[in-house]
Amino acid sequence: MRVRYFALALWASLLLVSSCGDKKEVEVLIPVSEKALEDTSSIFYADFASYPQERGRLPIGGFDSGTGGLTGQEKLLTLDEFDNITGKPLPDGVPDFAGENFIYLADDANMPYGDYDAAGKSDYLRELVVKDALFLLGDSYYNLAVDDQPYGVKEQVKILVIACNTATAYGLADIEKLLERSRTGVKVIGVINAGVRATLTGLDKTQNYAIGVMATPGTISSGAYERTIRQMAAEQGFEGAITVVNQPALGFANAVDGVEDYVKPGVILPREEYRGPVLGKGDGDINPSIMDRYDFDFSKGGIVYSKMDGEYSRVQINSADNYARFHLVSLVEKHRKSGSKTPLTHIILGCTHYPYHLEVLEETVEFLRNYKKDGVYIYRNVIAADFKFIDPAQYTAMECYTLLRESGELAYRVEKGALYPYISIPAYGLPVENVDKNGDLTYDFKYGREVGTEDVTTKVVPFSSRYIDQSTIDRMARLVPESYEMFKERL
């Protein structure tokens with residue numbers, strides 16, 4: 001009798017939350033979003049009722065899992081695709097966001113985001129992404145890791161730009177639900193839709209296409225790019241077949257950020273703590289039979305290896321450039337071996353870190369075009385003559401402009417805007433076993449945390465040379481000069 005009663009009660013509760021007639025389906029929020037909206041005692045509570053109603057002069061807020069997302073910020077600062085007076089898609093020699101202020105968050109302490117799914121922690125990743133949004137939507141920050149309260153005061157933002165592909169794949173829907181319930185009017189843009197829309201633009205809908213996606217293992221595992229490609233193609237009436245070639249680029253973004261699990265300058269022998277691709281013949285392995293096709297740069301310890309009887313016994317990739325070469329060649333080789341007669345027309349760079357090494361990627365494409373086996377150019381029919389890489393950050397910036405213009409929320413300041421960058425760091429006072437020798441969260445602790453707690457394991461502080469090493473600062477100065485110029489005095 002109790003079982004029957006329980007079943008009836010469950011059936012009745014499901015009816016209440018399901019769509020029926022004119023009733024709307026109830027959106028289920030993750031715990032941190034519920035706390036932000038309802039729990040006034042929570043450290044995550046956001047008083048959305050007092051959010052600024054006039055948003056035009058508020059900053060544009062963007063975030064990524066690390067400093068690599070500054071490539072997206074750079075696009076916002078340098079974009080000139082529109083006439084600033086008329087709004088028409090015509091460059092006018094003036095940056096489209098001239099006069100805008102920006103807040104950028106690099107969630108460095110919790111990166112790489114791409115590893116959470118593999119560690120069985122995709123729910124925790126979703127929570128992290130919402131926390132990133134809550135920081136930008138909030139009005140405070142920590143000055144130092146030792147502070148017990150966020151005493152710093154910052155502006156709230158008028159729009160959210162998720163510069164991180166993995167964060168978009170796992171957390172965009174959660175942020176959309178939170179913003180809808182917040183009633184602030186703030187919108188969010190993710191890089192995936194923008195990148196796919198740009199890829200499909202201008203294609204002949206009657207033809208077949210092969211599109212590559214190079215992204216973190218987490219982004220590929222989510223299926224977000226392939227799902228979005230197929231959905232948009234169907235909506236746009238594509239009749240031809242679209243082949244999607246996925247390459248989970250293990251370690252590439254990590255190497256760009258200098259994570260020692262993937263690259264370690266100065267080592268000359270293979271090491272046990274290395275987590276990148278290894279020698280083998282499985283998917284994702286370094287295939288010894290095509291070592292010459294990777295065109296690895298062995299200088300300066302870029303490849304660490306050992307040999308036995310003249311053959312490679314261990315190979316470890318030890319530079320970001322070589323990660324770029326490996327994953328690009330792996331993607332193209334995967335397509336070649338599939339036997340498809342449709343050449344690759346595009347490869348979407350599904351991580352904001354990858355454009356840092358666009359030059360190497362382009363050089364590798366040319367290397368493959370000219371590669372011969374037994375006198376035959378084996379890749380020339382695999383890579384289209386008009387092939388190009390797609391950087392979703394460019395198109396995300398364009399969508400941001402269009403959305404703000406249509407909503408009447410561009411700032412139109414005469415004076416130059418400002419960029420306020422923040423970075424997450426491990427919280428002061430964590431148990432010593434949870435922090436490594438470099439002061440970073442250990443891998444086991446980082447990917448072992450549980451959702452729904454009030455634990456403060458990281459804090460967001462302003463950019464400072466106290467928390468950013470010189471090699472990263474040098475890289476930012478070289479590769480995102482406009483962004484660097486705006487915050488260099490803060491370092």
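A crossing of two helices is called right-handed if the near helix is turned clockwise from the far one by less than a right angle. In this predicted model, the crossing of helix 3 and helix 13 is right-handed, and helix 4 also passes helix 5 in a right-handed crossing.

**Helix 3 and helix 13**

- Helix 3 spans residues 70-78 and helix 13 spans residues 392-406; their axes come within 9 Å and cross at roughly 50°.
- That angle makes helix 3 oblique to helix 13, because angles between 35 and 65 degrees are neither roughly parallel nor roughly perpendicular.
- On the helix 3 side, the contact is made by G72, K75 and L76.
- On the helix 13 side, A393, Q394, A397 and C400 take part.
- Sorted by class, this contact has 4 nonpolar, 2 polar and 1 charged residues.

**Helix 4 and helix 5**

- Helix 4 (residues 122-137) packs against helix 5 (residues 165-182) at an angle of about 55°, and the two axes are 8 Å apart.
- Helix 4 and helix 5 are therefore oblique to each other.
- Helix 4 contributes S122, L125, R126, V129, V130, A133, L134 and L137 to the contact.
- These residues meet T166, A167, Y170, G171, D174, I175, L178 and L179 in helix 5.
- By class, the contact of helix 4 with helix 5 has 11 nonpolar, 3 polar and 2 charged residues.

**Nonpolar cores**

- The largest nonpolar core has 78 residues, and F97, M214, C400 and F463 touch the most other members.
- Helix 11 (residues 320-337) gives the most to this core, with 8 residues.
- Leaving out residues up to four places away in sequence, F97 touches I60, L76, L79, F102, A397, C400, Y401, L404 and L410.
- Among these partners of F97 are L76, A397 and C400, which also belong to the contact between helix 3 and helix 13.
- Another core, of 62 residues, lies apart from the largest one; Y170, M232, V244 and Y447 are among its members.

- Helix 6 (residues 191-200) is mostly covered, with 8 of its 10 residues buried.
- The buried residues of helix 6 are V191, I192, A194, G195, V196, A198, T199 and L200.
- Just after helix 6, G202 takes a positive phi of about 85°.
- T168 lies in helix 5.
- T168 counts as buried because its relative accessibility is 6%, and the cut-off for buried is under 20%.
- Leaving aside neighbours within four places in sequence, T168 is in contact with I162, G190, V191 and I192.
- Two of these partners, V191 and I192, are among the buried residues of helix 6.

**L250**

- L250 lies in the loop between strand 8 (242-248) and helix 9 (252-256).
- Is L250 buried, exposed or partly exposed? L250 is partly exposed, because its relative accessible area is 27%, and partly exposed covers the range between under 20% for buried and over 50% for exposed.
- Not counting residues up to four places away in sequence, L250 touches P217, Y262, R275, G276, P277, Y323 and H327.
- L250 and F296 are 46 residues apart along the chain, and their C-alpha atoms are separated by 17 Å.

Methods:
Residues numbered from 1 in each chain as written. Predicted model: local features only at pLDDT ≥ 70, side-chain atom pairs only at ≥ 80, totals over all residues. Heavy atoms only, no water. Axes fitted to C-alpha atoms, helices over the stretch in contact; angles between N-to-C directions. Helix = DSSP H or I, 4+ residues; strand = E, 2+ residues; numbered from the N terminus. Parallel < 35°, antiparallel > 145°, perpendicular 65-115°, else oblique. Contact = heavy atoms within 4.5 Å. Nonpolar A, V, L, I, M, F, W, Y, C, P; charged D, E, K, R; others polar. Core = buried A, V, L, I, M, F, W, Y, C linked by side-chain atoms within 4.5 Å. Buried < 20%, exposed > 50% of the residue type's maximum accessible area, 1.4 Å probe, protein only.
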